[in-house]
Amino acid sequence: MSPSGAEIIRQIREGVDEIDPADARNQLGNGAVLVDVRESEEFESGHIPGAQHVPRGYLESRIENAVPDRSQHVVLYCASGQRSALAAHTLSDLLGYEHVESLKGGITLWKDRGYEVEVPQTLSKEQRERYSRHLLIPEVGLDGQQKLLGAKVLLLGAGGLGAPAALYLAAAGVGTLGIVDDDEVDLSNLQRQVIHNTERIGVPKVDSAEETIQALNPDVKVVKHKTRLDASNIMELLEPYDIVVDGADNFPTRYLLNDASVRLRKPVVSASILGFDGQLSVFKPYEGPCYRCLYPVPPPAELAPSCGANGVLGVLPGVMGLLQATEVIKLIVEQGEPLVGRLLLYEALGATFTELKVRRDPECPICSRDPEEISDDEMGVFPDYEAFCEASG
Amino acid sequence: MATIRIPPVLRPSVGGEKEVVADGASVGEVLRSLAESHPQTESQLFGNDGDLNRYVNVYLNDEDVRVLDGLDTPVGDGDTLVILPAMAGGR
């Protein structure tokens with residue numbers, strides 16, 4: 001008569017080396033690899049920090065990815081020690097792993113001893129589906145998506161650049177989007193500011209943007225700042241955020257933002273547009289140049305057509321705003337090479353991209369100094385720009 | 001002959017062109033030659049002291065001439081100069 005399942009398990013457990021949680025804990029510091037062989041739901045509800053996850057059902061096909069070296073010391077665990085013993089038997093007897101142990105009492109005994117358990121933040125079923133295309137690329141994955149959901153990004157302006165950037169950052173699941181804009185939606189905005197629509201003409205842009213974002217992705221918290229940035233409010237406004245997206249339409253704001261972001265060490269993803277031309281760079285304080293390193297002084301009004309209304313191809317801010325959103329996401333998930341110390345020029349008519357080097361200026365009036373040394377009075381110091389604009393009509 | 005890329009704000013001063021070519025063995029000579037062919041660009045590029053205006057960035061290929069030898073930086077045939085003023089538009 002064939003032996004019972006219980007008898008087989010008993011026999012296998014007798015032949016497997018078990019390790020006490022206290023010893024296992026010491027071994028982890030000595031380079032042993034810890035593998036959790038439970039099901040996904042069990043792993044997600046809490047696991048031993050640093051454990052790899054290879055469900056027992058996939059053991060034979062996936063263990064080589066987790067532990068390629070068969071001479072490596074491997075400690076397996078499950079809930080109570082039974083499944084891990086069976087898995088240990090498979091690894092040593094069938095797959096030739098030389099040093100395999102099963103954690104005695106499983107994670108249950110480990111917890112009873114008061115040892116640390118890591119409970120990963122998980123995505124809801126709906127979030128898994130919503131962000132499934134992110135989860136499928138390793139550069140984002142679950143980790144990156146959680147970073148996105150935890151990130152706080154401030155958009156300066158819900159206009160040409162801010163509108164497309166906000167839409168895609170919201171779709172990507174950036175958890176908190178702050179929007180600074182004191183303007184209302186105007187019919188002439190709708191040729192490019194795709195976050196607003198015809199029914200919302202006359203509505204504050206922050207309200208219109210919030211409505212679109214909420215309809216697109218309820219995961220995103222929108223923080224509305226219906227105000228104009230100035231030296232009195234900028235430090236307070238920037239403080240809670242991780243990254244700033246600069247879509248300002250004037251030089252004084254750009255210099256002011258630069259000075260405050262350097263003081264607060266916040267990266268700024270900056271773009272500007274005119275006609276068919278766009279510029280893009282990432283100013284990451286003290287790791288790369290700042291805006292004043294690139295442009296030490298603003299151009300005179302006749303060379304700075306930002307004072308009044310200027311023509312722009314409607315899709316151009318879309319292109320540049322989405323390049324900004326791309327850089328923001330790269331900074332959040334810490335992947336790729338951010339556009340730090342580089343200026344990207346896009347010229348739509350010729351369909352050309354040009355990259356220029358931007359160096360830190362050792363004599364930069366702002367970022368060559370410690371942030372603590374920069375005073376409130378120095379922020380946004382600028383020639384009398386309003387007078388400039390008036391003079392140029 | 002070097003190629004000079006003209007930014008949008010200077011294009012009206014060079015007849016609307018995005019690129020022009022100019023002679024010269026250094027950055028200064030090439031830009032002077034541009035200013036001679038297109039006199040309206042002179043005051044936009046150069047200050048009264050004959051130096052480049054600080055608000056005008058000039059790149060030789062992809063490098064800022066301020067970190068090279070400024071106006072004395074040698075320019076070879078086939079090099080590209082990029083003139084780049086700041087832009088602030090975001091709307």
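How far apart do the C-alpha centres of domain 1 of chain A and domain 2 of chain A lie?

## Domains of chain A

The C-alpha centres of domain 1 and domain 2 of chain A lie 51 Å apart. Domain 1 of chain A covers residues 5-112 and domain 2 covers residues 151-392, with bounds that come from an automatic or database domain assignment.

This is a predicted model, in which local features need pLDDT of at least 70 and side-chain atom pairs count only at pLDDT 80 or more, while totals for chains, interfaces and linings use all residues. Residues are numbered from 1 along each chain as its sequence is written, and chains are lettered from A and ligands numbered from 1 in the order in which they are written.

## Nonpolar cores

A nonpolar core is a set of buried Ala, Val, Leu, Ile, Met, Phe, Trp, Tyr and Cys residues joined through C-beta atoms within 7 Å. A residue is buried if 20 or more other C-beta atoms lie within 10 Å of its own, exposed if 12 or fewer, and partly exposed in between, with C-beta atoms placed from the backbone. In soluble globular proteins, nonpolar side chains tend to be buried together.

The largest core has 74 residues, and those with the most contacts inside it are A:Val153, A:Leu155, A:Ala166, A:Leu169, A:Leu177 and A:Val328. Helix α15 (residues 315-333) of chain A gives this core its largest share, 9 residues; helices (H or I, at least four residues) and strands (E, at least two) are DSSP runs, numbered from the N terminus. Beyond its neighbours within four places in sequence, A:Val153 is in contact with residues including A:Leu169, A:Leu177, A:Tyr241 and A:Val328, where contact requires C-beta atoms, placed from the backbone, within 7 Å. A second, separate core has 26 residues, among them A:Ala51, A:Val74, A:Leu76 and A:Tyr77.

## Strand pairing in chain A

Two strands pair if DSSP finds at least two bridges between them. An open sheet of 5 strands in chain A has the order β1-β5-β4-β2-β3, with parallel pairing. Because β1 (18-19) and β3 (52-53) of chain A stand at the edges with a single partner strand each, one side of each is left without a neighbour in the sheet. Within chain A, β4 (residues 73-77) and β5 (residues 99-103) run parallel and are joined by 4 bridges; A:His73 has A:His99 as its bridge partner in β5(A).

Antiparallel pairing occurs between β11(A) and β12 (residues 342-347) of chain A, through 4 bridges, with A:Gln279 partnered by A:Leu345. Strand β12(A) is also joined to β13(A) by 6 antiparallel bridges, and A:Arg342 has A:Lys357 as its partner. These two strands, β12(A) and β13(A), form a hairpin with 4 residues between them, and A:Ala351 in the turn has a positive phi of about 50 degrees.

## Chain B

Chain B has 2 helices and 5 strands, arranged along the sequence as β-β-α-α-β-β-β. Its C-alpha trace spans about 40 × 25 × 25 Å along the principal axes. Of the 91 residues of chain B, 41% count as buried.

## Contact between the chains

The contact takes 33 residues from chain A and 19 residues from chain B. On the side of chain A that touches chain B, α13 (251-264), β10 (268-274), β11 (277-283) and β13 (352-357) each supply at least two residues. The largest share, 4 residues, comes from β13(A), the strand that forms a hairpin with β12(A).

Key. Two residues are in contact if their C-beta atoms, placed from the backbone, lie within 7 Å.
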